[in-house]
Amino acid sequence: MPTGNHFSLFHIRTWPDLNISLIPPNSLPIPKNPQPFSDIMTEAHLRIETLSFRHQIPAPTIRNPTKKRLGAGLHNISFDLPKGSITGLVGPNGAGKTTLLHILSGLISPDSGSIEIANEKFRDLKKQDAGRNKIGLMPDTVRWQGNSTPKQVLHRLSLMNNSKVGDLLELVGLSSRADEALDRLSTGMGQRLSLATALLGEPEILLFDEPFTGLDPVAQKALKQLTRELADRGTTILISSHLLNELESLVDRVILLHHGQVVIEGEIRAIKRNLKLDKILLLKGEKGNPLPLITEKVINSSINGNWSISVENEDGWSRKRLTKLVQKLSEKGCTPYHVEVKTTDLSDILEATTGIDGMDLSEHAMVPLSKMEVEEE
Amino acid sequence: MNPILALAFDDAWSKARSTRMIILLPLLALFILGACWGLSDPDATLPASISANTPFEVLFVASLFILLSSTLGVVLFGFDGISKDRISGVLAIQLSQPMARRNLAVSMLLGTLLPVLIPTLVLSLLGIILIKVQMGEWPGFADIALFLGATTLLLFWYATIQMYASSLAKDMGSSISLGIGAWLLFTMVWLLVTVLLASAFGVDATDTSNADFEEFSAKVDLLSPNGVYHLLLEMRVGDDISRTISPFWVVTSAVGWTVLPLWAYIRRFQKMGA
């Protein structure tokens with residue numbers, strides 16, 4: 001990433017709990033010829049093509065003690081991430097999210113496929129140092145321990161990275177703990193240190209694995225803010241997280257993995273529209289039977305003294321339409337006491353596409369066989 | 001500075017300030033300096049089978065104490081050299097850095113070796129001064145070079161074995177078991193292994209001082225880093241101690257112990273996931 005000049009539009013922002021600077025002014029590098037954001041967003045920065053990987057699980061037998069069997073993995077994963085985008089990588093446990101991040105960060109070799117970063121193709125980042133130079137990884141919950149300090153940790157990693165630490169600790173809000181033993185850092189502080197290690201060397205691609213784990217709400221907000229600002233500067237960010245609400249307010253796009261396949265990818269609004277997740281009205285009431293009065297498609301109903309129905313309308317539920325329906329029901333003797341246009345989040349997308357309902361993570365859940373095509377808005 | 005060395009020294013310096021070093025350093029001083037001082041004392045009475053009449057013979061016998069203390073030091077620093085970082089998740093961050101895995105492996109190995117090797121060599125040199133004070137003469141230059149070189153090799157072999165074992169371990173329990181187990185095998189129970197093998201090959205093992213057994217044990221010692229260390233030193237001790245094995249095999253074995261575990265360790269490190 002080019003260095004030298006600096007953005008001037010970033011102001012001092014404070015990390016409220018520590019009362020220290022999150023983004024110091026003039027601390028982050030600016031590209032020499034910055035591209036307009038609209039252009040940046042259309043350019044594929046990270047391109048994954050038919051990436052496949054199967055875990056090898058030891059299955060020793062008396063005749064063959066070193067025998068291994070193929071386990072879960074990734075199957076023909078392909079997607080593009082536009083430059084400067086923030087993409088959420090979601091999916092149930094065991095979907096392959098961490099495996100994908102490990103391949104992208106060069107920790108494991110894929111069986112087949114390729115990774116293209118800024119038009120430079122890599123077959124196996126584990127063996128190609130130049131590719132790893134472009135990627136920063138923040139792994140899932142690192143347990144920092146020992147008498148070393150955050151400053152020493154970053155210095156050590158900078159020797160591996162051939163880069164300078166600069167004011168990374170200040171950037172992530174750890175400057176006041178720079179010389180404190182790792183053993184004394186809280187989980188949240190440890191996460192901030194992990195974030196600093198990912199930012200070392202100013203990578204073009206950032207991979208975050210469950211970055212919100214252990215962070216308090218204030219720190220979560222600050223991390224989101226930092227992530228957005230890095231993306232605005234052209235860094236492409238892929239975030240795997242189970243905290244779907246946190247993710248939804250941050251990401252531009254999502255990739256949903258299930259059983260090692262990309263089930264769905266695209267902008268959240270487009271996916272919701274495609275899955276018809278924003279068109280459902282939940283009505284609850286007492287007295288009468290509302291079913292004959294409703295002309296829209298009833299998805300679900302329960303009439304037993306009190307009644308409850310879910311109604312779908314292709315055109316969505318405007319205030320006028322809602323008022324009209326409620327008036328109609330009241331006039332005909334049904335008394336609605338609860339009217340709710342169902343808001344959906346990523347968990348609904350997960351549920352709608354994978355068939356996994358709530359805590360049901362059994363093998364009986366629907367296994368997607370092909371990627372669902374979603375139009376970009 | 002070369003990044004491998006810079007990283008190794010950084011790692012070694014971090015280990016040198018650790019609690020483990022506070023435990024190890026007095027132990028090394030006590031064993032190495034104590035052995036050199038005590039064994040070179042003209043008034044000291046040694047067990048009948050041990051003779052330490054020249055400065056190098058004192059060093060030779062003192063090497064037993066190095067085998068006990070310095071190798072234990074390498075185990076202390078090396079048993080979790082990789083497994084700790086792997087369990088904590090730090091290894092994933094390290095492996096994702098744009099440094100060739102081979103270089104990273106070598107720097108981690110040196111980072112484990114140096115914090116034990118440097119004090120051991122410094123204390124050995126101090127021990128040589130103590131021998132001079134007690135006996136009035138220095139060991140020969142070649143003797144000192146062989147002693148320090150063989151000690152360096154011994155600790156290098158142990159560091160490699162420990163790092164390899166640590167790369168296999170996926171939890172702290174197996175990490176400790178593999179580390180201590182390898183040390184116990186070569187340091188404590190190797191004689192038992194030798195006796196068992198001798199019995200299996202029909203060599204009389206009821207009297208460990210008979211010539212047949214000594215010749216056999218020298219051959220079996222080629223398979224142990226401690227054994228090769230002593231065989232290397234025996235090449236400079238008088239004929240009365242030296243066993244009947246060709247220096248060619250001793251040197252070949254030393255080269256083998258240097259190259260093969262290092263190759264296995266680097267190969268393992270390159271294949272390793274986080």
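**Exercise 1: A sheet and its helix**

In this predicted model, chain A has an open sheet of 4 strands in the order β4-β3-β6-β7, with antiparallel pairing. Find out which strands stand at the edges and why one side of each is left without a neighbour.

*Solution.* 

Step 1. Start with the edges: β4 (68-82) and β7 (120-122) of chain A each have a single partner strand, so one side of each has no neighbour in the sheet.

Step 2. Now compare directions. On average, neighbouring strands of this sheet are turned by 25° against each other, direction ignored.

Step 3. Look at one pair. Strand β3 (residues 44-58) and strand β6 (residues 112-117) of chain A are joined in the antiparallel sense over 5 bridges. To see one of these strands at work, pick A:L46, whose bridge partner in β6(A) is A:I117.

**Exercise 2: The largest cavity**

Describe the largest cavity and the residues that line it.

*Solution.* 

Step 1. Count first: there are 3 cavities of 30 Å³ or more. The largest cavity has a volume of about 60 Å³.

Step 2. Turn to the lining. It has 13 residues, and the closest to the cavity centre are A:I135, A:G136, A:N161, A:L200 and B:Q97.

Step 3. Ask which elements contribute. Two or more residues come from each of β8 (135-138) and α6 (187-199) of chain A, and β8(A) gives the most, with 3 residues.

Step 4. Finally, sort the lining by type: 6 residues are nonpolar, 6 polar and 1 charged.

How values were computed
Residues numbered from 1 in each chain as written. Chains lettered and ligands numbered in written order. Predicted model: local features only at pLDDT ≥ 70, side-chain atom pairs only at ≥ 80, totals over all residues. Heavy atoms only, no water. Pairing = 2+ DSSP bridges. Axes fitted to C-alpha atoms, helices over the stretch in contact; angles between N-to-C directions. 1 Å grid on protein atoms, 1.4 Å probe; cavity = no way out; pocket = protein on both sides within 12 Å on 5 of 7 lines; lining within 4 Å. Points joined across faces, edges and corners; volume = space filled by probe spheres on them. Nonpolar A, V, L, I, M, F, W, Y, C, P; charged D, E, K, R; others polar.
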